[in-house]
Amino acid sequence: MSEIHSETSTHTAYVRTEMLPEQAPPITAAGPVKWVRENLFSSLGNGIMTILALYVIYYILSHMLGWVVMGIWDADSLSECREIRDGFIADGRWAEHTEVACWAVLGDRWHQLLFGFYPPEFYWRPILSLVIFGVALAPVLFDSVNRKMLILTILAPFICYFLLWGGSIWGPLVVAFGFVLGFACIKYGALPLGALLSTLAAILLPLLFWLFLAGPITGVLNSIAPIGLESVDSDDFGGFLLAFVIGAAGIILSMPLGVVLALGRQSDLFIINKFSVIFIEVIRGVPLIVWLFTASLLLNYFLPPSANFDLMLRVIIMVTLFSSAYIAEVIRGGLAALPRGQYEGADSLGLNYWQAMQLIILPQALKISIPGIVSSFIGLFKDTTLVVFVGLSDPIGFSNLIRATTDWNGIYWELFIFIGLCFFICCFGMSRYSQYLERKLATGHR
């Protein structure tokens with residue numbers, strides 16, 4: 001008994017009876033050290049790759065950071081930049097053979113890179129158009145914005161066109177009336193004419209109105225009340241203004257056209273199905289640059305000699321058609337991914353074709369297709385630089401014009417870095433919004 005008591009006393013001597021105060025985890029198990037160990041040096045191979053990557057980053061920054069940060073911002077020409085640099089070297093402020101960027105070219109030619117040859121006294125018009133476009137886009141991109149602002153979304157294309165090109169105010173209003181005719185055919189013609197005939201009427205009636213009646217009506221209204229802004233030719237558009245106009249117009253117009261083509265390719269109607277298939281395959285089978293040359297050169301052979309079809313409008317049409325073919329295939333993938341039960345569910349509710357597409361099928365298909373659609377839009381926006389080959393001066397074209405002058409002959413990197421940075425900001429913004437939309441709609445949990 002005494003032995004058992006002695007053994008129990010020995011064991012209880014090592015049992016703590018009170019709680020210890022909470023302590024922070026070891027430095028290697030939390031905080032930045034833990035992150036570095038897990039992400040940069042989790043294994044021998046990972047550690048070697050991290051060291052190599054750090055050396056490459058150091059090598060690039062050691063050669064570029066000084067060139068970028070110490071750049072000269074105040075000069076009227078490249079030779080003046082070099083004189084300022086040589087002066088600093090002679091004063092001993094900079095080491096021998098120091099090379100710095102000449103950012104002064106951006107301060108001297110920013111207006112050409114942004115607006116092209118657009119008249120400087122009218123710079124407020126593209127700026128106001130950009131503001132209206134951004135405000136009009138808000139209710140489409142964010143559902144927290146008041147839905148009544150969708151009225152501005154519908155009117156924004158006509159307002160922006162009127163501000164950018166100027167001219168009579170009656171032109172955009174008459175064109176808008178053509179869309180009202182098409183909407184009226186869909187809205188009030190479905191019951192007496194049927195879905196197919198009302199759709200065809202909604203397409204043909206506005207086209208006939210624009211071809212034969214819009215011009216005379218605009219002329220009559222303009223003679224009665226000549227209201228408008230001073231006109232600006234399309235040749236004066238350039239730089240990022242040109243890229244934004246072509247890119248935004250192509251993105252906005254190609255989306256509904258792509259939806260129609262995707263539905264047409266899945267249609268059971270023989271003519272509509274084959275027309276959609278042929279259109280998509282032909283457009284996708286030819287490079288965009290070929291279609292741009294077609295818009296620039298070949299269309300003139302099919303137009304009357306007196307016809308004056310604006311080159312910028314032709315390019316917008318070709319870019320829209322090219323992008324719509326890719327958008328159609330992306331949306332068709334979303335339609336194919338939907339289970340058959342969604343179509344059968346729409347039929348069981350007694351919905352007709354357009355109601356089923358509008359309320360059940362297309363919202364789900366578009367939700368699935370968001371990454372592909374945004375990727376196509378980013379590609380379209382970057383492809384606007386190809387218009388330089390048909391005589392339009394996009395940012396790349398204007399960089400060539402700037403370098404052709406005696407003041408800035410020989411400058412390269414500064415212009416290209418600025419242009420690349422502007423394109424990156426726009427494309428990165430679209431990519432981030434796409435990720436935000438995917439998280440919001442939870443596309444992975446249909």
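This briefing walks through a predicted protein model, from its overall form down to single residues. In this predicted model, local features need pLDDT of at least 70 and side-chain atom pairs count only at pLDDT 80 or more, while totals for chains, interfaces and linings use all residues. Residues are numbered from 1 along each chain as its sequence is written, and side-chain values use heavy atoms, with hydrogens and water left out.

**The whole chain**

- The protein chain has 18 helices and two strands; helices (H or I, at least four residues) and strands (E, at least two) are DSSP runs, numbered from the N terminus.
- Its radius of gyration is 31 Å, whereas a compact globule of 446 residues would have one near 22 Å. The radius is taken over C-alpha atoms, and the globule rule is 2.2 Å times the number of residues to the power 0.38.
- Along the principal axes, the C-alpha trace of the protein chain spans about 120 × 80 × 40 Å.
- Of the 446 residues, 33% are buried. Buried means under 20% relative accessible area, exposed means over 50%, and partly exposed is in between (1.4 Å probe, protein chains only).
- Among contacts in the protein chain with a separation of 6 or more, 72% join residues 24 or more positions apart; contact means heavy atoms within 4.5 Å.

**The second largest pocket**

- The second largest pocket has a volume of about 230 Å³. Of its 14 lining residues, Trp67, Leu78, Glu99, Val100 and Glu414 are the closest to its centre.
- Here is how pockets are found: on a 1 Å grid over the protein atoms alone, a cavity is a set of points where a 1.4 Å probe fits but cannot get out, and a pocket is an open set with protein on both sides within 12 Å along at least five of seven lines; lining residues have an atom within 4 Å of a point.
- Grid points are joined across faces, edges and corners, and a volume is the space filled by probe spheres set on the points.
- Helix H4 (78-90) and helix H18 (413-441) each supply at least two lining residues, and H4 gives the most, with four.
- The lining has nine nonpolar, one polar and four charged residues. Ala, Val, Leu, Ile, Met, Phe, Trp, Tyr, Cys and Pro count as nonpolar, Asp, Glu, Lys and Arg as charged, and the others, Gly among them, as polar.

**Two packed helices**

- Helix H15 (residues 353-368) and helix H16 (residues 370-383) pack at an angle of about 65°, with their axes 4 Å apart. Axes are lines fitted to C-alpha atoms, for helices over the stretch in contact, and angles run from 0 to 180 degrees between N-to-C directions.
- Leu366, Lys367 and Ile368 in H15 meet Ile370, Pro371 and Ile373 in H16. That contact has five nonpolar, no polar and one charged residues.
- Leu366 is partly exposed, at 26% relative accessibility. Setting aside neighbours within four places in sequence, Leu366 is in contact with Met255, Val259, Ile331 and Ile373.
- Leu366 and Val330 are 36 residues apart in sequence, yet 9.0 Å apart in space, C-alpha to C-alpha.

- His97 lies in the loop between H4 and helix H5 (104-115). His97 counts as exposed because its relative accessibility is 70%.
- Most residues other than glycine have a negative phi. His97 is not a glycine, but its phi is positive, about 60°.
- Thr320, in helix H13 (residues 311-337), counts as buried because its relative accessibility is 7%. Not counting residues up to four places away in sequence, Thr320 touches Ala249, Gly250, Leu253 and Ser254.
- Gly31 is in helix H2 (residues 31-39) and is partly exposed, with a relative accessible area of 45%.
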